[in-house]
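Please look over the sequence and the structure below before reading on.

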Amino acid sequence: MYVSAVLKYYTGTIAADGKPTTPSGGGSGSKSGVKVIEAGGTLIGKTRYVFGGGRSQSDINAGRFDCSSFVRWAFEQVGVNVGPLSGVTTDTLKTQGQAINPKDMKPGDVVFFDTYKKDGHVGIYVGDNKFLGCQGKTGVAIASMEKGTYFGDKFNGRVKRF
C-alpha cells in the first residue's frame, strides 16, 4: 500500500518487472529519490521516536530513532553516506548536499522544519506536500506539509538534495 501511495507521485517509468526506474533529475541526485522513500517506508509503524535515538546498532535494532538518525538510516539503505552513525544531526545534515528551491522539490529531497530550534526537525519529501520522517507521536510516518498543519507551518524552506 505504501509503495502504491508513493508511486502516484512518481514521474519515472515502471520496468517490465514492476519495479520503478529512477527519473532523470529526480530528488536526491536522481539515483536514490524513490528508493530512499521505499527504504524508509519499510519502517512505518515499526518504530518509536526517541530524542537522540538511532545512534547505535542496538537502538536501530529496537526501532528507536529520532528524525535525523532516521534520515541517515534511510539514505544508508540506498548506499548514500550522510555521516557517521553516532554523529548525524539536523545541523550536520543541513550542511550537506545541494540547496534546492522549495518550488523545485522532488521525492527524496530532504526538508527541514523550525521546531524546538532552527532546523530542529528533518524528513524526506515524498511529494504532494508530504514528507516521511520520524516524529514524536507517530515514529516513522508520512506527515503533511500543507499550510495550516503543524509541519506546514514549521517548514522553513530549507531543502537539500543528496
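This is a predicted model: local features need pLDDT of at least 70, side-chain atom pairs count only at pLDDT 80 or more; totals for chains, interfaces and linings use all residues.

## Nonpolar cores

The largest nonpolar core holds 23 residues, of which F70, V71, F75, L93 and I124 touch the most other members. At least two residues of this core come from each of α2 (33–41), α4 (67–77), β4 (110–113), β5 (121–127) and β6 (130–135), and α4 gives the most, with six residues. Apart from this core there is a second, separate one of 11 residues, which includes F113, Y125, A143 and M145.

## Helix α4

Nine of the 11 residues of α4 are buried, so that the helix is mostly covered; among the buried residues are F70, V71, R72 and W73. When neighbours within four places in sequence are left aside, F70 is in contact with G40, L43, F65, I124, L132, G133, C134 and V140. Just after α4, G79 takes a positive phi of about 85°.

## Aromatic pairs

The model has nine aromatic pairs. One of them, formed by F51 and Y116, is edge-to-face, with 5.9 Å centre to centre and 80° between the planes; F51 lies in the loop between β1 (48–49) and α3 (57–62), while Y116, 65 residues apart from it, lies in the loop between β4 and β5. F51 counts as exposed at 58% relative accessibility, and Y116 counts as exposed at 54%.

The ring centres of F113 and F131 are 4.6 Å apart and their planes are at 35°, so this pair is tilted. Because F113 lies in strand β4 and F131 in strand β6, the pair ties together parts that are 18 residues apart in sequence.

Methods
Residues are numbered from 1 along each chain as its sequence is written. Side-chain values use heavy atoms; hydrogens and water are left out. A nonpolar core is a set of buried Ala, Val, Leu, Ile, Met, Phe, Trp, Tyr and Cys residues joined through side-chain atoms within 4.5 Å. Buried means under 20% relative accessible area, exposed over 50%, partly exposed in between (1.4 Å probe, protein chains only). Helices (H or I, at least four residues) and strands (E, at least two) are DSSP runs, numbered from the N terminus. Contact means heavy atoms within 4.5 Å. Rings of Phe, Tyr and Trp (its six-membered ring) pair if their centres lie within 6.5 Å; planes under 30 degrees apart count as stacked, over 60 as edge-to-face and the rest as tilted.
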